[in-house]
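Me: Please show me how to read some local features of a model. I would like the general idea, then the case at hand.

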Amino acid sequence: MIFDTHAHYDDEQFDIDREELIDSLKEYGIGNVVDIGASISSSKAAIEISHRYDFFYAAVGVHPSEVEELNDENISEIIELSRDDKCVAIGEIGLDYHWPDPAPKLQQIWFRKQLDIARREKLPVIIHSRDAAQDTLSIMEEENAQEIGGVVHCFSYSKEIAKQCVDMGFYIGIGGVLTFKNARKMVEVVEQTPLERILLETDCPYLAPEPFRGKRNSSQYLPYVVTKMAQIKGVCEEEVIRITEENARKMYRLEDLWHI
Ligand code: NI
């Protein structure tokens, strides 16, 4: 079944119908979902959701746009949350230079600190990177991110950058953007990247695929991304679903949990 590796069901846009929507996901072929934290409070909410639904997992971390509010006490808070038995990753963390704030220097400090938490807690990372390719790659190299592992989610860079991430052992997170009419760059990334290194994700409520672009996204729409990916790769949809699900289990190290 489809593995949605990156969702934000704790977002207030789901307040009106969260339960009903999540209960319906199996009918749409969704097998697992990881709810991703983006602040301390949403990390707590992600953990809460993951305990309410057995097919959900959580990631905890602070998004680069939210780091202004952080202080060193928050590090122990993130560590404590990360030790929850449903927590499978640290994220989303990274760099976002799209807006002038928070200052790049501050984003970099918290990116490094959270990479360090992941290393010490032996969890993979979910990296958010926008308009900051070179700094993201430099920090990943300097911090030996290949020893930590994880995904560059909602990948938005060139196929050359994708190759560098894959060479570092990272997965490439692909979602609704792949279906957009101007998605040439993303199509190239998918053409080049082996299916064994690709993860499916929604980033819902954001980035709904065509024909729902601009609307609230949910895991229900992931089959549209699967269809497009199967066309690009020249394989059947079942193959895309099977391999990306396997990748997600490997990346989030869920095989270990199966055997308990
Ligand atoms: Ni996200």
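Reply: Begin with burial: His 6 and Glu 92 are both buried (under 20% relative accessible area; exposed is over 50%, partly exposed in between; 1.4 Å probe, protein chains only). The model is predicted, with local features needing pLDDT of at least 70 and side-chain atom pairs pLDDT 80 or more, while totals for chains, interfaces and linings use all residues. Numbering runs from 1 along each chain as its sequence is written, and side-chain values use heavy atoms, without hydrogens or water.

Me: Which protein donors does the nickel ion have?

Reply: Donors are N, O and S atoms within 2.8 Å of the metal (3.2 Å for Na, K and Ca); water is not among the atoms, so sites may look incomplete. Here they are His 6 (NE2), His 8 (NE2), Glu 92 (OE) and Asp 203 (OD), 2.2 Å from the ion. His 6 in strand E1 and Glu 92 in strand E4 are 86 residues apart (DSSP runs numbered from the N terminus: helices H or I, at least four residues; strands E, at least two).

Me: What kind of peptide bond joins Gly 91 and Glu 92?

Reply: Most peptide bonds are trans. This one is cis, with omega about 10 degrees, and Glu 92 sits in strand E4.

Me: Which residues of helix H3 are buried?

Reply: Residues three or four places apart in an α-helix point the same way. In H3 (residues 73-82), Asn 74, Ile 75, Ile 78, Ile 79, Leu 81 and Ser 82 are buried. They share one side of H3 because their arc around the axis is only 165 degrees, taken from the directions from the helix axis to the C-beta atoms. Glu 73 and Glu 80, on the other side, are exposed.
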